[in-house]
Amino acid sequence: MIRFDAVSKKFPDGTLAVADFSLTIPSRTTTVLVGSSGSGKTTLLRMINRMVDPTSGSISIDGDDISTLEPVKLRRRIGYVMQNSGLLPHRTVADNIATVPLLSGVKRAQARAEALTLMDTVGLDRALADRYPSQLSGGQQQRVGVARGLAIDPNILLMDEPFGAVDPLVRSELQQELVRIQKDLAKTIVFVTHDIDEAFLLGDQVVLLRTGGQIAQVGSPAEILADPADDFVNTFIGADRGRRALRIEEVSGRQVVVDGTGRLAGILNEGTHT
Amino acid sequence: MNAFAEAFVWIGDPAHWSGPDGIPTRLAEHLGYTGLTVLIAVLIAVTLGLYIGHTGRFRGVSIGATSALRALPTLGLLTFLAIAFGFGIRLALIPTIIVLVVLAIPPLLAGAYSGIESVDPRTVDAARSMGMTEWQILWKVEIPLALPLIIGGVRSAVLQVVATATVAAYISLGGLGRYIIDALPVRDYTKVLVGALLVTLLALVLEGILISIQRLTVPAGVRAIRTTPSLRRQRAYGRNASAASRAS
Ligand SMILES: Nc1ncnc2c1ncn2[C@@H]1O[C@H](COP(=O)(O)OP(=O)(O)OP(=O)(O)O)[C@@H](O)[C@H]1O
Ligand SMILES: [Mg+2]
């Protein structure tokens, strides 16, 4: 369990990125921080592995105040996947995945074997093991990033817009992959995105943020959809434009689903549930 | 006979390939001064440059100090050191090496810190957030990626030192400068030219070697950006596509 207790972060230049933020992130579930650009998502995420230290307030992991923990040790037990994949350009895929295990003294052969297994886990062809990041597509790089985040078998996995830079098709593939991995591994995932659909798809708990890390609403996707706290949430989840209010219409003898703006959202399949 | 031809004849004369004033001896001396200088300068300047590059501290100060160093007249400094500190002729090696080290520091320092600064800050950030210590970031990420630029600094330092090590002869030491310094008073211009030619030749050879080393130190993954066939195809495709869109 990760607890934020009245956490604020003011950067040296005076920017108040996060103000008085409190939240409990339950273990072994996925919590998604969602909000528009500059709302403090990355800052919140990076406070968990002490890449950023709060100006005031405290953060604890399973009851331990992290300000008392050594940053390097803390980071080695937390997986971190970033938007640009952050791979080391001079190391092969396998070596990138094995970076932290190698630092912690795992033997080369064993680290490589584990890296190959992880490539299977994230759906990467083992033939890519000896390629360099520059020889991979964006989607493949992201998979390597996820594999590297999982390499130390961390309890906590931090993901900062990990699928932001890939095309919609690959993104949806990676999202499904993550859902599958999470079903198997049940990590405590803290996931950052500005895409509300991604948040609803992946999050057990969704945290909607305004500027300054102000919480607009916390809840399960269903709770937020069913009962948006205010206009901001309404706008953010697209309810105000009727994007979430679907209805059925008859078009050329078939039943189609149309959203509040009259745009086609899909086709209704009679009775069957696939 | 023209001067160059005479110089080459001089170089080709077997009589000039032995003894204390022979080419091998002078060449070895010259290389010795260069090697010693570059070694000392690398220890000082690269260490400092890595520190500045990694921490971002003292950057302004070092740039200022470096340009000040560049402005020092080598011969003047050499004379000053030799006389002021009484190194005299007996300990002539000390002021000579000091002068050459001063000369070698600016390019080495610049190569080292600009090399480290050229590493993508996001890569460094990723390394840190994975739990690398600052030393590990420096040794396993920054230095490997900065190596071509660091070697680039060594290259220009070596070039300058080789050319300037001729001043050693000015205060009674050896090296290829001897040919020039000894021959000038007696107007033996062939020998002056021989000295100049040999220094140039040595500089070219060292330059060639260092360029090869520099190429070899480009990390495979970085080199791959330029050589991956699939990527080249993609780029070609991008060009065609944009050409096509322009045409339509
Ligand atoms: N190192 C820093 N120094 C000063 N200000 C910063 C720093 N990092 C972030 N900020 C500021 O803090 C605020 C929150 O930034 P943060 O990166 O957490 O936003 P975000 O929600 O992740 O945005 P995005 O979706 O664009 O990634 C922004 O106003 C940003 O400009
Ligand atoms: Mg961000």
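In chain A, the centres of domain 1 and domain 2, taken over C-alpha atoms, sit 34 Å apart. Keep in mind that this is a predicted model.

**Chain A domains**
- Domain 1 of chain A covers 2–240, and domain 2 takes in 242–274.

**Where the chains meet**
- Chain B puts 24 residues into the contact, and chain A puts in 22 residues.
- Together, chain B and chain A bury about 2000 Å², with 64% of that on carbon and sulfur atoms.
- You'll find one salt bridge across the interface of chain B and chain A.
- The side chains of B:Asp125 and A:Arg46 pair up in a salt bridge, at 2.6 Å from N to O.

**Helix 2 of chain B**
- Helix 2 of chain B runs over residues 23–55, and its 33 residues should span 48 Å at 1.5 Å a residue; the end C-alpha atoms are 46 Å apart, so the two values agree.
- There's a bend in helix 2 of chain B, about 30° at B:Val42.

**Around B:Leu103**
- B:Leu103 belongs to helix 5 of chain B, residues 93–117.
- B:Leu103 counts as buried because its relative accessibility is 17%, and the cut-off for buried is under 20%.
- Setting aside neighbours within four places in sequence, B:Leu103 touches B:Thr74, B:Gln160, B:Val161 and B:Thr164.
- B:Thr37 is 66 residues away from B:Leu103 along the chain, with 9.4 Å between their C-alpha atoms.

Notes
Residues numbered from 1 in each chain as written. Chains lettered and ligands numbered in written order. Predicted model: local features only at pLDDT ≥ 70, side-chain atom pairs only at ≥ 80, totals over all residues. Heavy atoms only, no water. Helix = DSSP H or I, 4+ residues; strand = E, 2+ residues; numbered from the N terminus. Expected span 1.5 Å × (residues − 1). Bend = angle between axes of the 7 residues up to and from the residue. Buried < 20%, exposed > 50% of the residue type's maximum accessible area, 1.4 Å probe, protein only. Contact = heavy atoms within 4.5 Å. Domains from an automatic or database assignment. Buried area = accessible area lost by both parts, 1.4 Å probe. Salt bridge = Lys/Arg side-chain N within 4 Å of Asp/Glu carboxyl O.
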